[in-house]
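Subject: Structure handover

Hello,

Here is the structure I said I would pass on. My notes on it follow below.

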Amino acid sequence: MKRIVTGFVLVILAVAVLLDIQPLSAADNDFLIYFENSTLTLKSQTLDRTVYLPLQEIVRHLGLASTDATGASTFTIQGQNSRLVLTPGSGFISYNDQPILLQNPIRRDGGQWLVPLDFLSQGLSRVAGVEFRYKPGTRRVFAGKVMTTELAMNAQSLGALTRLTLRAGSPIDVELQKETAQHRAVLVLKSRAIDPARERLDYKDALVQSVTFDDSDGMPRLLISMADDVRDVRLTSSDGNRVYFVDFVREIASEATPPTTPAPLAAAAPARPNANANAPAGAGVRVIVIDAGHGGIENGAANSGTLEKDLTLLLARRLRTTLQSRLSATIVLTRDSDIDLTSEARAGVANNNQASLFVSLHTGYSPDKTASGSSIYVMKPDFTGGLSEPAGGRMFLPWYMAFRTNAAASQALAENLQKNLNQALPGWKFPIRFGPMGVLASATMPAIALEVGNLNNDANAKMLAEPEFQAKLTATIAEAIEQFAGGGRKQ
């Protein structure tokens, strides 16, 4: 029995040794540290579900003095009037003789010192004088004063094409490379330090199979896997190269057929005269764009943790669902997540999708907690400072005059919405107001902004958060749009 126990103990010890060694053979992966004037590409290792980086390469890149004392099993990094000492197998590091505890231990394998990610901010930043910023789940670190560009992306099917929309925090240049034989499109993002909101877009349809962000070699790009049915890929920009639209088209347009991809927004926006002056104001509605006000760092109004940006997104999603069940039109949201967009970018989504209708959703706010007024806004007629109307044959308008072409239709939509809301929500008033609304100024289609209630009024805030009220409100808006569309109902 004693021999059996002894053998069992030896087996356990052997397994423990193997378990201690096995993680060190984990596969290497590319990892990037973006510095202000350089980029360091590293081979990381995942050990015990923790990402480790090779310390010596980082120290050499920073030009720091170091000592690898093999006999003492310590690694010392010398900064200006500072010293950092590491010991393998320990989560404690010493900064100027003061202990600092890391979440995971330092490792040493085959003469190579390996450090967990939190070592960069907890230890190395102190001796290097450089701040390290890391977003969990990514494979890149931004160091010092390096300027990053945030990138958000979403995709949606628009009939015969799929549109990928990119929104950057600052202007970037994008180059489209078509790799037809590989059924792939590559978008090279010509900005050194891109910080994507997502590494991979969770979207797949008949034309687009996958969208992945890749900067493993220091050159940021998007890799898009396409289906065999894709015959053309088109790239247009908007909002001063902050917004890009990438269209994956099932068929190549012939010379006789103009492409469905709209021209990018520039200093001029195309005016769209009514081809049939006797047609109803909303006849031929094909694409409706719903704008959820605010987003990202722009919270809008707030009341006890309830934010306007969250309410408008909920309402926009509900309205999209309701409209999709009532109309044969394509419904597009300017944002379907918590991102920040400029007024021009919101109007750009409508213009570039050749929308027939644009509705911007907001909640109101008044310092008076007892106020409960709502409003329907139409663009102020004299917003342009009294500039004369364009000549009848003019095909293009400056962006700030684009709303004029559809001013009458916008007011008709507002009046129709006002009538429906006043009937459906007794006690709520929805006066039509005219104002210099930036989000409406450059819209080239009938456009209104709806402001509901007073979020500073506790009773209004509570009602706005109720799903029953949201459903009734969005159903009423959808009914007004359906009436304005004049015959766009599904058969």
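I begin with aspartate 109, which sits in strand E9, residues 107-109. This is a predicted model, and every value here was computed from it. Aspartate 109 has a relative accessible area of 28%, between the 20% and 50% limits, and is therefore partly exposed. Its C-alpha lies 9.2 Å from that of proline 88, with 21 residues separating aspartate 109 and proline 88 in sequence.

Overall make-up

The protein has 491 residues, of which 47% are buried. Its secondary structure consists of 9 helices and 32 strands. Among contacts with a separation of 6 or more, 64% join residues 24 or more positions apart.

Nonpolar cores

The largest nonpolar core contains 43 residues. Ile288, Ile290, Leu323, Leu361, Leu421, Leu450 and Ile477 have the most contacts inside it. Helix H9, residues 467-485, gives this core its largest share, 8 residues. A separate core of 31 residues includes Tyr95, Leu102, Leu117 and Leu120.

Once neighbours within four places in sequence are set aside, its contacts are Ile288, Ile290, Ile331, Ala478 and Ile481. Of these partners, Ile288 and Ile290 are also on the list of residues with the most contacts inside the largest core.

Strand E2 (residues 39-47) and strand E3 (residues 50-54) run antiparallel and are joined by 3 bridges. Threonine 46 is opposite valine 51 of E3. The two strands form a hairpin with 2 residues between them, and in the turn aspartate 48 has a positive phi of about 50°.

Helix H2 covers residues 55-62, and its buried residues are Leu55, Gln56, Ile58 and Val59. Viewed down the axis of H2, these buried residues fall within an arc of 165°, so they line one face of the helix. An α-helix has 3.6 residues a turn, so residues three or four places apart point the same way.

The five-stranded sheet

What is the strand order in the open sheet of 5 strands? The order is E15-E16-E20-E19-E18, and the pairing is antiparallel. The edges are strand E15 (174-179) and strand E18 (200-201), each of which pairs on one side only. Inside the sheet, strand E16 (residues 184-189) pairs with strand E20 (residues 221-226) over 5 bridges, in the antiparallel sense. Valine 188 stands opposite arginine 221 of E20.

Arginine 198

Arginine 198 belongs to the loop between strand E17 (194-196) and E18. Is this residue buried, exposed or partly exposed? Its relative accessibility is 39%, so arginine 198 falls between the 20% and 50% limits and counts as partly exposed. Beyond neighbours within four places in sequence, arginine 198 is in contact with Met153 and Phe213. A polar atom of the arginine 198 side chain lies 2.8 Å from the backbone oxygen of methionine 153. Glycine 137 is 61 residues from arginine 198 in sequence, and the C-alpha atoms of the two are 9.9 Å apart.

Regards

Note on methods: Residues are numbered from 1 along each chain as its sequence is written. This is a predicted model: local features need pLDDT of at least 70, side-chain atom pairs count only at pLDDT 80 or more; totals for chains, interfaces and linings use all residues. Side-chain values use heavy atoms; hydrogens and water are left out. A nonpolar core is a set of buried Ala, Val, Leu, Ile, Met, Phe, Trp, Tyr and Cys residues joined through side-chain atoms within 4.5 Å. Buried means under 20% relative accessible area, exposed over 50%, partly exposed in between (1.4 Å probe, protein chains only). Helices (H or I, at least four residues) and strands (E, at least two) are DSSP runs, numbered from the N terminus. Contact means heavy atoms within 4.5 Å. The arc is that of the directions from the helix axis to the C-beta atoms. Two strands pair if DSSP finds at least two bridges between them. A polar contact is a pair of N or O atoms within 3.5 Å; within protein, one must be able to donate a hydrogen and the other to accept it, and residues adjacent in sequence count only if both atoms are side-chain atoms.
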